[in-house]
Amino acid sequence: MTSTMDNKDAKRWLIVLGTVIMQMGLGTIYTWSLFNAHLVTKFGWELNSVSITFSITSFALAFATLFAGKLQDRFGLRRLTAAAGIVLGLGLILSSQANSLLMFYVLVGVIVGFADGTAYITSLSNLIKWFPNNKGLISGVSVGAYGTGSLIFKYINGGLIDSVGVSNTFMYWGMIVMVMIVIGALLVREAPVQAASLGATSTSTIAKPKDYTVKEMLRTKEAYLLFIIFFTACMCGLYLIGIVKDIGVQLAGLDVQTAANAVAMIAIFNTAGRLILGALSDKMSRLKLVGASLAVTAAAMLTLSYATLNFGLFFTCVAAIAFCFGGNITVFPAIVSDFFGLKNHSKNYGIVYQGFGIGALSGSFIAVFLGGFKPTFVIFGLLCLLACIIAISLKPPVVKVEEEKALRLKAAERTA
């Protein structure tokens, strides 16, 4: 009996290892900013035109999550993630031969982004199903590995660009990432449905969540409220990541090199937030935790807008926002499973995850419309306060149904 349990635990942790390796490979796409200036220098394109590539990648990544669950049902997790790794790697390798913006948009933007999103959400959802009692912690491990991959490959890809040139870097990057994702795919095993159901005794607010289909989920108002919260958190965090160096220079009066340190600090605090808040969410209400992190984000946004910034205040605000953003995107997969069950988790979370792609685009558009950092931070701060109120007042649909049944039962008893 003990031997059987030991084998089961060893198998689960082997799946964790495979998922971590895979997620680290997938997270390397966030090193794209390293390539912008070098592509501009080599081909003479406009910087804005080159940087659009990553916007396309982010959108394709989020769009892929809508279909990943159905693809997993048809092909199985291992074959799907291995195929995604091969496609992603080939997309990068072929980019080494690209000589037009359209080719980069298609190869790195559409193909790599779609493959990345497909493997990301299916491997994440699968890991959560293997650890139903520690969904927050295990989600933090998986999403944290994604962030760690981007941090490590900042140095690997940066070194490759300096030594072999920007185009050849795509080839080596593609080969390394392809191997990482395929090895990770070979280690993972698809979680059986019964494993998810038997262990569904989370310490969070739900004891027995119903397994909603996508159609059933979309009939609940809770799905849309969760989307609003997730969209707000992603929009604020992603906008800050994109312009942190600029606000350090323009609002805090820092020199370019000092402000650039904020980029590395964001990666560190973002990863720390994923691990710490992910683990903490297994010990307390996940929605109250999200509400608290949104309140902190709102305070930091309003401080950036109204306070006279110096070195310490600027880095404190940036660190707080990065920490909370990392934690929020880690806790949300577990919240979706709390609300709508584990059986169709990758499909249901794929719907809510669209808040990531739409948030990435919306932040920049709102900033352009408002015409500056400070009014943008004010609006983002107010939106965070609104999302905070929604988060702390929102309840899972299952709990609400049970409460209504309990009220009806009490009313019937009083009448009798």
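Which element contributes the largest share of the lining of the largest pocket? In this predicted model, that share comes from α11, with 10 residues. The largest pocket holds about 2,100 Å³ of space. Its lining comprises 50 residues, of which Ser33, Phe54, Ile241, Gly242 and Ile243 are the closest to the centre. Two or more lining residues are given by each of α2 (33-43), α3 (47-75), α6 (135-164), α10 (221-250), α11 (256-280), α13 (311-340) and α15 (354-370). Sorted by class, the lining of the largest pocket has 31 nonpolar and 15 polar residues, together with four charged ones.

Five salt bridges are present in the structure. In one of them, Lys347 pairs with Asp73, with 2.5 Å between the closest N and O atoms. Because Lys347 belongs to helix α14 (residues 345-352) and Asp73 to helix α3, this pair ties together parts that are 274 residues apart in sequence. Asp73 has a relative accessible area of 55% and is therefore exposed, the cut-off being over 50%.

A salt bridge also joins Asp282 and Arg286, at an N to O distance of 3.1 Å. Both of these residues are buried. Asp282 and Arg286 are also members of a network of salt bridges that links them with Lys135 and Asp338.

Glu216 and Lys210 form a further salt bridge, in which the closest N and O atoms are 3.8 Å apart. Glu216 is partly exposed, at a relative accessible area of 26%. Lys210 likewise counts as partly exposed, with 41% relative accessibility.

Notes: Residues are numbered from 1 along each chain as its sequence is written. This is a predicted model: local features need pLDDT of at least 70, side-chain atom pairs count only at pLDDT 80 or more; totals for chains, interfaces and linings use all residues. Side-chain values use heavy atoms; hydrogens and water are left out. On a 1 Å grid over the protein atoms alone, a cavity is a set of points where a 1.4 Å probe fits but cannot get out, and a pocket is an open set with protein on both sides within 12 Å along at least five of seven lines; lining residues have an atom within 4 Å of a point. Grid points are joined across faces, edges and corners, and a volume is the space filled by probe spheres set on the points. Helices (H or I, at least four residues) and strands (E, at least two) are DSSP runs, numbered from the N terminus. Ala, Val, Leu, Ile, Met, Phe, Trp, Tyr, Cys and Pro count as nonpolar, Asp, Glu, Lys and Arg as charged, and the others, Gly among them, as polar. A salt bridge is a side-chain nitrogen of Lys or Arg within 4 Å of a carboxyl oxygen of Asp or Glu. Buried means under 20% relative accessible area, exposed over 50%, partly exposed in between (1.4 Å probe, protein chains only).
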